[in-house]
Amino acid sequence: MSFLANPALQRKLVDALNANTAFATQAQAFDGAVQLEVDNDCLWLKIYKGRVIDHQASPSIFGYTFKLRGTARAWGLLLSGERLWADLTFPGKRDFSDDPTLSRVGEMSVEIATEGNLIEAGRLTEAMFELAYTLRSVAN
């Protein structure tokens with residue numbers, strides 16, 4: 001079980017997102033759902049006009065617009081501040097601490113993948129930055 005399975009943290013994240021004016025501004029023209037997945041844990045967030053209006057700890061029957069999926073290790077790198085959101089979600093290897101010979105230069109993998117409607121995910125890039133850093137602040 002990961003940190004995402006904690007109901008208190010889920011509630012804190014929703015409350016913090018709804019208090020985050022930058023998130024509200026960036027998501028004001030969005031009517032959809034974002035699903036966060038950490039290993040086998042899930043948090044589904046229904047977002048309407050910049051506010052999280054519903055959430056649940058399992059996939060919704062309504063589905064998601066897009067989801068952000070990664071391992072507990074990858075999300076842990078974000079929460080600890082060891083890696084930036086952009087480092088974990090944009091293709092390309094930027095940390096070579098595990099590869100001193102640089103054998104993986106040019107690799108286009110991600111630690112936290114985006115799946116689903118990539119056009120909407122791209123349109124909400126700044127909102128997802130706000131979501132990621134809000135999650136980091138409530139988890140610590």
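1. Partly exposed here means a relative accessible area between the buried limit, under 20%, and the exposed limit, over 50%. By that cut-off D15 is partly exposed, because its relative accessibility is 41%. The model is a predicted one.

2. D15 has a charged partner. Its side chain meets that of R11 in a salt bridge, 2.8 Å from N to O. Both residues sit in helix α1 (residues 7-19). They are four residues apart, about one turn of the helix. R11 is also partly exposed, because its relative accessibility is 41%.

3. Next, a pair between strands. K46 and D31 form a salt bridge, and their closest N and O atoms are 2.6 Å apart. K46 belongs to strand β2 (residues 41-48), D31 to strand β1 (residues 31-38). The pair links distant parts of the chain, 15 residues apart.

4. Then a pair between loops. R83 and D95 form a salt bridge, with 3.9 Å between the closest N and O atoms. R83 lies in the loop between α3 (72-80) and α4 (85-89), and D95 in the loop between α4 and β5 (112-116), so the pair ties together parts 12 residues apart in sequence.

5. D95 is partly exposed, at 24% relative accessibility.

6. Some salt bridges share partners. These join E37, K67, R69 and E115 into one network.

7. The overall count is 11 salt bridges. Those described above include R11 with D15, K46 with D31 and R83 with D95.

Methods:
Residues numbered from 1 in each chain as written. Predicted model: local features only at pLDDT ≥ 70, side-chain atom pairs only at ≥ 80, totals over all residues. Heavy atoms only, no water. Salt bridge = Lys/Arg side-chain N within 4 Å of Asp/Glu carboxyl O. Helix = DSSP H or I, 4+ residues; strand = E, 2+ residues; numbered from the N terminus. Buried < 20%, exposed > 50% of the residue type's maximum accessible area, 1.4 Å probe, protein only.
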